[in-house]
Amino acid sequence: MHLRERLMDYSLGNHLRLYWRLFRLREQAGNSLLTDILTFLLNRIAHKRGGYIGRGANIADIPSLPHGLHGIYISRYASIGRECRIYQNVTIGEVNGRAPQIGDNCLIGANAVLVGDIRIGSGARIGAGAAVSFDVPPNATVVAQPPRVIVREPSVPQKDRP
(Lines give C-alpha, C1' and ligand atoms only; values in the text may rest on other atoms or scores of the structure.)
Protein backbone atom coordinates (compact mmCIF):
# COMPACT_ATOMS: atom_id res chain seq x y z
CA MET A 1 0.00 0.00 0.00
CA HIS A 2 1.38 3.42 -0.92
CA LEU A 3 1.81 6.18 1.62
CA ARG A 4 -1.09 8.17 0.18
CA GLU A 5 -3.46 5.19 0.51
CA ARG A 6 -2.33 4.60 4.10
CA LEU A 7 -2.93 8.24 4.99
CA MET A 8 -6.40 8.17 3.42
CA ASP A 9 -7.24 4.92 5.22
CA TYR A 10 -6.10 6.32 8.56
CA SER A 11 -7.89 9.65 8.10
CA LEU A 12 -11.18 7.84 7.41
CA GLY A 13 -10.92 6.12 10.76
CA ASN A 14 -10.66 2.63 9.33
CA HIS A 15 -7.10 2.02 10.51
CA LEU A 16 -7.74 -0.04 13.62
CA ARG A 17 -4.60 -2.20 13.91
CA LEU A 18 -3.36 -0.24 16.92
CA TYR A 19 -6.79 -0.47 18.54
CA TRP A 20 -6.93 -4.29 18.27
CA ARG A 21 -3.33 -4.66 19.45
CA LEU A 22 -4.14 -2.62 22.56
CA PHE A 23 -7.39 -4.57 22.99
CA ARG A 24 -5.53 -7.91 23.05
CA LEU A 25 -2.81 -6.48 25.31
CA ARG A 26 -5.47 -5.34 27.77
CA GLU A 27 -6.95 -8.85 27.84
CA GLN A 28 -3.54 -10.27 28.77
CA ALA A 29 -2.59 -7.58 31.28
CA GLY A 30 -2.46 -8.81 34.85
CA ASN A 31 -1.75 -5.43 36.42
CA SER A 32 -4.86 -3.38 37.20
CA LEU A 33 -3.03 -0.09 36.61
CA LEU A 34 -1.93 -1.22 33.14
CA THR A 35 -5.46 -2.44 32.43
CA ASP A 36 -6.90 0.94 33.44
CA ILE A 37 -4.40 2.82 31.25
CA LEU A 38 -5.13 0.58 28.26
CA THR A 39 -8.87 0.97 28.83
CA PHE A 40 -8.46 4.75 28.84
CA LEU A 41 -6.49 4.64 25.55
CA LEU A 42 -8.98 2.26 23.92
CA ASN A 43 -11.92 4.43 24.94
CA ARG A 44 -10.21 7.52 23.52
CA ILE A 45 -9.47 5.79 20.20
CA ALA A 46 -13.02 4.39 19.96
CA HIS A 47 -14.58 7.74 20.92
CA LYS A 48 -12.56 9.48 18.22
CA ARG A 49 -14.09 7.10 15.71
CA GLY A 50 -17.59 7.33 17.20
CA GLY A 51 -17.81 3.85 18.73
CA TYR A 52 -17.56 1.99 22.00
CA ILE A 53 -16.49 -1.54 22.96
CA GLY A 54 -17.02 -2.35 26.63
CA ARG A 55 -14.16 -3.42 28.86
CA GLY A 56 -15.42 -6.97 29.47
CA ALA A 57 -16.58 -7.71 25.91
CA ASN A 58 -15.49 -11.17 24.80
CA ILE A 59 -14.40 -10.96 21.18
CA ALA A 60 -12.92 -14.24 19.89
CA ASP A 61 -11.33 -12.80 16.74
CA ILE A 62 -10.95 -9.36 15.23
CA PRO A 63 -14.33 -8.71 13.58
CA SER A 64 -14.56 -7.25 10.11
CA LEU A 65 -15.72 -3.65 10.44
CA PRO A 66 -16.09 -2.36 6.86
CA HIS A 67 -16.87 1.17 8.09
CA GLY A 68 -14.56 1.20 11.09
CA LEU A 69 -15.97 1.76 14.57
CA HIS A 70 -18.38 4.44 13.31
CA GLY A 71 -21.43 4.30 15.58
CA ILE A 72 -20.79 0.76 16.84
CA TYR A 73 -21.68 0.10 20.47
CA ILE A 74 -20.76 -3.28 21.98
CA SER A 75 -21.76 -3.93 25.59
CA ARG A 76 -19.18 -5.07 28.09
CA TYR A 77 -21.23 -8.24 28.62
CA ALA A 78 -21.43 -9.18 24.91
CA SER A 79 -19.68 -12.13 23.33
CA ILE A 80 -18.79 -12.17 19.63
CA GLY A 81 -17.51 -15.23 17.75
CA ARG A 82 -14.93 -15.58 15.00
CA GLU A 83 -15.10 -13.99 11.54
CA CYS A 84 -18.12 -11.77 12.19
CA ARG A 85 -18.86 -8.79 9.98
CA ILE A 86 -20.41 -5.74 11.65
CA TYR A 87 -21.52 -2.66 9.71
CA GLN A 88 -21.92 0.93 10.96
CA ASN A 89 -24.30 2.13 13.70
CA VAL A 90 -24.85 -1.32 15.21
CA THR A 91 -25.85 -1.61 18.87
CA ILE A 92 -25.14 -4.82 20.76
CA GLY A 93 -26.66 -3.75 24.05
CA GLU A 94 -27.46 -5.14 27.44
CA VAL A 95 -30.58 -5.46 29.55
CA ASN A 96 -30.04 -6.02 33.28
CA GLY A 97 -26.40 -6.99 32.75
CA ARG A 98 -27.22 -9.58 30.06
CA ALA A 99 -26.07 -9.06 26.47
CA PRO A 100 -26.20 -11.04 23.21
CA GLN A 101 -23.96 -14.04 22.57
CA ILE A 102 -23.10 -13.99 18.86
CA GLY A 103 -21.81 -17.10 17.10
CA ASP A 104 -19.14 -17.46 14.42
CA ASN A 105 -19.44 -16.17 10.82
CA CYS A 106 -22.35 -13.82 11.52
CA LEU A 107 -23.25 -10.72 9.54
CA ILE A 108 -24.89 -7.77 11.29
CA GLY A 109 -26.23 -5.09 8.95
CA ALA A 110 -26.18 -1.32 9.37
CA ASN A 111 -28.36 0.18 12.13
CA ALA A 112 -29.23 -3.23 13.59
CA VAL A 113 -29.99 -3.41 17.32
CA LEU A 114 -29.42 -6.60 19.33
CA VAL A 115 -30.39 -6.39 23.00
CA GLY A 116 -30.92 -8.63 25.97
CA ASP A 117 -29.96 -12.17 26.92
CA ILE A 118 -30.19 -13.67 23.43
CA ARG A 119 -28.15 -16.08 21.34
CA ILE A 120 -27.38 -15.49 17.69
CA GLY A 121 -26.48 -18.79 16.03
CA SER A 122 -23.40 -19.29 13.87
CA GLY A 123 -23.82 -18.18 10.29
CA ALA A 124 -26.84 -15.99 11.08
CA ARG A 125 -27.49 -12.79 9.14
CA ILE A 126 -29.13 -9.79 10.77
CA GLY A 127 -30.47 -7.35 8.19
CA ALA A 128 -30.08 -3.60 8.22
CA GLY A 129 -32.37 -1.86 10.68
CA ALA A 130 -33.50 -5.05 12.42
CA ALA A 131 -34.29 -4.87 16.13
CA VAL A 132 -33.61 -8.31 17.61
CA SER A 133 -34.56 -9.28 21.15
CA PHE A 134 -35.09 -13.02 20.61
CA ASP A 135 -32.86 -16.01 19.89
CA VAL A 136 -31.85 -16.53 16.26
CA PRO A 137 -31.10 -20.09 15.10
CA PRO A 138 -27.89 -20.89 13.16
CA ASN A 139 -27.83 -19.90 9.46
CA ALA A 140 -31.08 -17.93 9.78
CA THR A 141 -31.81 -14.47 8.39
CA VAL A 142 -33.63 -11.73 10.30
CA VAL A 143 -34.83 -8.67 8.40
CA ALA A 144 -36.45 -5.41 9.46
CA GLN A 145 -38.93 -5.26 12.32
CA PRO A 146 -41.13 -8.26 13.22
CA PRO A 147 -43.57 -8.76 10.33
CA ARG A 148 -47.17 -7.61 10.71
CA VAL A 149 -50.21 -8.98 8.95
CA ILE A 150 -52.73 -6.38 7.94
CA VAL A 151 -56.24 -7.84 7.50
CA ARG A 152 -58.40 -5.99 5.04
CA GLU A 153 -62.15 -6.25 4.76
CA PRO A 154 -63.27 -7.71 1.45
CA SER A 155 -64.84 -5.05 -0.74
CA VAL A 156 -68.60 -5.22 -1.22
CA PRO A 157 -69.82 -4.83 -4.82
CA GLN A 158 -71.87 -1.70 -5.62
CA LYS A 159 -75.13 -3.55 -6.46
CA ASP A 160 -75.14 -5.44 -3.12
CA ARG A 161 -74.90 -2.31 -1.00
CA PRO A 162 -78.16 -1.13 0.71
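Predicted model: local features only at pLDDT ≥ 70, side-chain atom pairs only at ≥ 80, totals over all residues.

Colleague: How many aromatic pairs does a search of the whole structure find?

Modeller: The search finds four aromatic pairs. In one of them, the ring centres of W20 and F23 are 5.3 Å apart, with planes at 70 degrees.

Colleague: Why is the pair of W20 and F23 called edge-to-face?

Modeller: Ring centres must lie within 6.5 Å, and planes over 60 degrees apart count as edge-to-face; with 5.3 Å and 70 degrees, W20 and F23 therefore form an edge-to-face pair. Both residues lie in helix α2, three residues apart, about one turn of the helix. Ring pairs also link Y19, W20 and F23 into a cluster.

Colleague: What makes W20 and F23 buried?

Modeller: The cut-off for buried is under 20% relative accessible area. W20 has 6% and F23 has 1%, so both count as buried.

Colleague: Why is the pair of Y52 and Y73 called stacked?

Modeller: Their planes stand at 20 degrees and their ring centres 5.2 Å apart; since planes under 30 degrees apart count as stacked, the pair is stacked. It links distant parts of the chain, with Y52 in strand β1 and Y73 in strand β3, 21 residues apart.

Colleague: Which strands form the open sheet, and in what order?

Modeller: The order is β2-β4-β7-β10, with parallel pairing. β2 and β10 stand at the edges because each has a single partner strand. Between β2 and β4 there are two bridges, and N58 stands opposite S79 in β4.

Terms used. Residues numbered from 1 in each chain as written. Heavy atoms only, no water. Pairing = 2+ DSSP bridges. Helix = DSSP H or I, 4+ residues; strand = E, 2+ residues; numbered from the N terminus. Phe/Tyr/Trp six-rings, centres within 6.5 Å; stacked < 30°, edge-to-face > 60°. Buried < 20%, exposed > 50% of the residue type's maximum accessible area, 1.4 Å probe, protein only.
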